[in-house]
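Subject: Structure handover

Hello,

Here is the structure I am passing on to you. Please open it first, then read my notes below.

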Amino acid sequence: MNQPDGADNSRPETPRPKEGGGGLRVGRPFGIPVHVTPSWAVIAILLTLLYQPVVEDTLALGAASYLVALVFAVLLYASVLVHELAHSVVARHYGLPVRRITLYMLGGVSEIEREAEKPGQEFWIAFSGPLLSLVLAAAGFVGYLLAAPDTIVGVLVWQLWVANLLVGVFNLLPGLPLDGGRILRAGVWALTRRSLTGTVAAAWAGRILGAVVVALPFVYSWVLWGTTPGVFAIVWSVLLGTFIWVNASTALRAARVRARLPELAARDLARSTVTVAADTPLAEALRRRAEADAHAVLVVDSAGTPTSLVDNAAAAAVPEERRPWLSAADTARALTPETVLPADIGGQRLLDTVNARPVSQYLLVEPDGRAAGVLYAADVRRAVQAPGR
């Protein structure tokens, strides 16, 4: 990908709702799958219960006011969907694949599979969502001026334009994982020509923002009114602030991992092996490994072709008195195309391969087919793991 000089390919990962299965698929607008997780039902019920008194006070509909409040909850998330569609459509305009859109308890997320190549692309992908929300808010305000305020349509339009205004403004706050954080990242990236610098700045801004969100109801109530905030305000601010802090921290760790990727090389992480025939007693194979101060035992056939790697954990579990009577092959795992890697693999390709082929060890081979050592997945993860802060 063509990037500005000094770019380090460290766009923060898109936060995803922690729910298995991705929720129920409800459609494919613009060819983009849309999923709704079970947690959406929780917030829909909560919004219905909170909004019902407003509807009842205005319209006096009785039990039907719950239905109107539920319609508002559905329309609100339709607005969230439109917001996410704006991100996704602009991302696809720049050639970035979009896996899906997921709606969940705290809003929605567009799962964009690749990062923007330039800060300008990052800006427009991020800004498109809040921009469309603010456009919807403006259109809703005009609609509210034309609608009778004491009607169902008037009440819903009023709530929707206010909600879209709040969604647009809130998402513009400058901190990851909000859209404003991505806009901030794009700006710092453009100034410094380093995406990592932009991510770090936006992630720390997100952490500060998360702390502010948690403290806001307390400051507001104590300083202005001298009272304690309500339970709902506290729970909601803690939930939202924690979400912002956790995802900002995740983006920061992911950026640090990506910064290390150019230095990641399988050959540098390779551990030494000893080679034995398949019928070599396990005890003898382990003795040779210790004598050579190696880390793995490679089993070969009569032609010298590698066939398997002794599983160290399985070998260690065999009682010493039985090891002379078992062959090395009895505790080995067969080599497959998925467990054999070129010795010169490195960077993002190595990390993606290890993640796609989750086994504990791999055989590294030279271009001529010779074994270059064994690579442990745990060593790869340790090499790229960012400091836990």
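The notes cover the pocket and then the backbone.

This is a predicted model, where local features need pLDDT of at least 70, side-chain atom pairs count only at pLDDT 80 or more, and totals for chains, interfaces and linings use all residues. Residues are numbered from 1 along each chain as its sequence is written, and side-chain values use heavy atoms, leaving out hydrogens and water.

**Pocket.** The largest pocket is lined by 49 residues. A pocket here is an open set of points on a 1 Å grid over the protein atoms alone, where a 1.4 Å probe fits, with protein on both sides within 12 Å along at least five of seven lines; lining residues have an atom within 4 Å of a point. Nearest its centre lie Leu106, Val167, Phe170, Trp236 and Leu240. Helix α4 (152–171) gives the largest share of the lining, eight residues. Helices are DSSP runs of H or I with at least four residues, numbered from the N terminus.

**Backbone.** Leu176 and Pro177 are joined by a cis peptide bond, with omega about 10°. Pro177 sits in the loop between α4 and α5. Ala60 is not a glycine, yet its phi is positive, about 50°. Ala60 is in the loop between α1 and α2. Ala60 is exposed, with a relative accessible area of 58%. Arg193, in the loop between α5 and α6, also has a positive phi, near 65°. Arg193 is partly exposed at 41%. Exposed means over 50% relative accessible area, buried under 20%, and partly exposed in between (1.4 Å probe, protein chains only).

Best wishes

Methods
Helices (H or I, at least four residues) and strands (E, at least two) are DSSP runs, numbered from the N terminus.
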